[in-house]
Amino acid sequence: MIGKHQDNTGPKQVAILDRLERTVALLVDRLDSRLDDVGNSTREPVAPRNESQSSPDLDPAPVFLIRDAATNAGVHSPEQTTSGPDVISSGLVSLPTAHALLDLFHFHYGRWVRFSEDMSRDALFLHVRRSPMLLCSVLLIAVRHTTQELADRLAPNLFRESKRLVTASLLEVPQSIEFFQTCLILSLWSTTIGQVPLSIDSWLLTGYAIQQALASPHFAEVSRPSSNVSTSHLDLWFLWNHLCVAHLQYCVGTRRHALLNQTQIDRCVTFIKSNDVTNYETRMGAEINLYWIIYTRCNGPHINLSETKNAFQSWQREWSSLFYQPRSQFLQMGFHFAYLLAYCQSLKSPKSVMHSSVLKEMIQHCKSIINLAIDTTDERTRHLTDHIYHIITFSALTLCRIVHTYESKLRSANHNVADIDALIFRLINWFRSIGLPCHVAHILGDILSAQFQKLRPAFQPTVATATSSMVQDSEVMSSNEDLFLPTDLSFYPNFIEAELFGIDMGVQNWPEWGPIHSDTDGSV
């Protein structure tokens, strides 16, 4: 409360302060009652209100009244921007281009944000355009899969506008469904949209979205311990699950704390198992389960490798039916990635040593991830989430470090080092065969190429390897001299391995080779 009794305060000033106190108290009481109404409402979603929108029975909030008066007087921050029209009305994107980009997004990415597959273009266009930030993020992802000229012209401005609109929307409570869809889009393709790893902090954005969802009447049903969900709430459950997947991927990828707990994870899994859902949504549930195991067992300073491996194997048995269904390669990649992270983390112990059995398994998990990616390439590959490309790159960088550090040990154990080098070389060229030069695969391929040349400078592709790569990647490679392109890494703040998985790229930090006849699984 504002102090009323000061030596230099007269009766008139005291009366003014009294009225101000009563006004503030009334505003607080009414705000509390409105928040209670929002929290208790489970039937009708509450439409998001603009911060400056007046209530029928209240004057504008004091600070907003002052702000509006300042705006009318021409006072503004140098960085302040007005909301303005959407990117179509402003002329940034033409209507025909917007229609084409929306069609592309709807076909390849619509299920991530729960756009109905049978919704007409006109209906979807009207729906998306209700939210300038959703429209902007949809167009931003889609334009990266059109032409390089169009992407170069539109993407930078769309990226800046997306960040501005999302930042402005953080002041709104409760959030609209379109806000959560936007957060999901920008988080799943954060490297793509900004052209560098972590150009948007996906952990922070998904974490904020999760906190808002838990306070939103839209997602009230996900907070209840109920196994059966009404049809009308299925889309919201799926959207919630997708937010959880994205958040956990970046909790693992950045070694940060999750804004989820065991009870919420259990509800996600129970929901999937208690409802008749598609293979796609079932895989989302399995990924939530897997990444929670990785998070709880591999993110700390100490790890019991034997218990962690048992947890991974239990997960595989629990979801084994999915491994015989279409698109299972992504669960398999996640499974190998989990093992690889567990080994990497166990080797960070001050007393750890490297053993041939551990090294053999790490190499196999890396190779499995890379081969799964290359061998299952199809028309959908270029539209995968950035996380898939992150773990592929992480695997290849780990292989580079292993061979660089333990080459003599590998050769003495009859490992074919040349085959490992050839696989990484093949992956670099595979990356460069996907999509446009602005595709995330090209960005990560350049990073991998630079690190490969640094750690394996003596590598020379055989005629057979070079020819095979040229045939497979003829879209981007035209001659043998093009197989290794120089890469300027000053554009990238950090390598993907160090940036996303919290691992020191200094190869001198790998543990010493273990003594002979003491081969173990590396448990610490």
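**Figure 1. The whole chain, counted in helices and strands.** Here, a helix is a DSSP run (H or I) of at least four residues, and a strand is an E run of at least two. Count them up in this predicted model and the protein chain gives you 20 helices and zero strands. The chain has 524 residues, and 50% of them count as buried. What about the outside? The protein chain exposes about 24800 Å², with carbon and sulfur atoms supplying 54% of that area. Now look at who touches whom: take the contacts between residues at least 6 apart in sequence, and 75% of them join residues at least 24 apart.

**Figure 2. Zooming in on L134.** You'll find L134 in helix α5, which runs over residues 132–143. Is L134 buried or exposed? L134 is buried, because its relative accessible area is 0% and the cut-off for buried is under 20%. Setting aside residues up to four places away in sequence, L134 touches F115, V128, E178, Q181, T182 and I185. Take T182 from that list: L134 and T182 are 48 residues apart in sequence, yet their C-alpha atoms are 5.1 Å apart in space.

**Figure 3. F312 and the largest nonpolar core.** How many residues does the largest nonpolar core have? This core has 147 residues, and W240 and F312 are the ones with the most contacts inside it. Skip the neighbours within four places in sequence, and F312 is still in contact with L290, I293, I294, C298, F335, A338, Y339 and A342. As a bit of background, nonpolar side chains tend to be buried together in soluble globular proteins.

Conventions: Residues numbered from 1 in each chain as written. Predicted model: local features only at pLDDT ≥ 70, side-chain atom pairs only at ≥ 80, totals over all residues. Heavy atoms only, no water. Buried < 20%, exposed > 50% of the residue type's maximum accessible area, 1.4 Å probe, protein only. Contact = heavy atoms within 4.5 Å. Core = buried A, V, L, I, M, F, W, Y, C linked by side-chain atoms within 4.5 Å. Areas by Shrake-Rupley, 256 points an atom, 1.4 Å probe, with all protein chains shown as cover.
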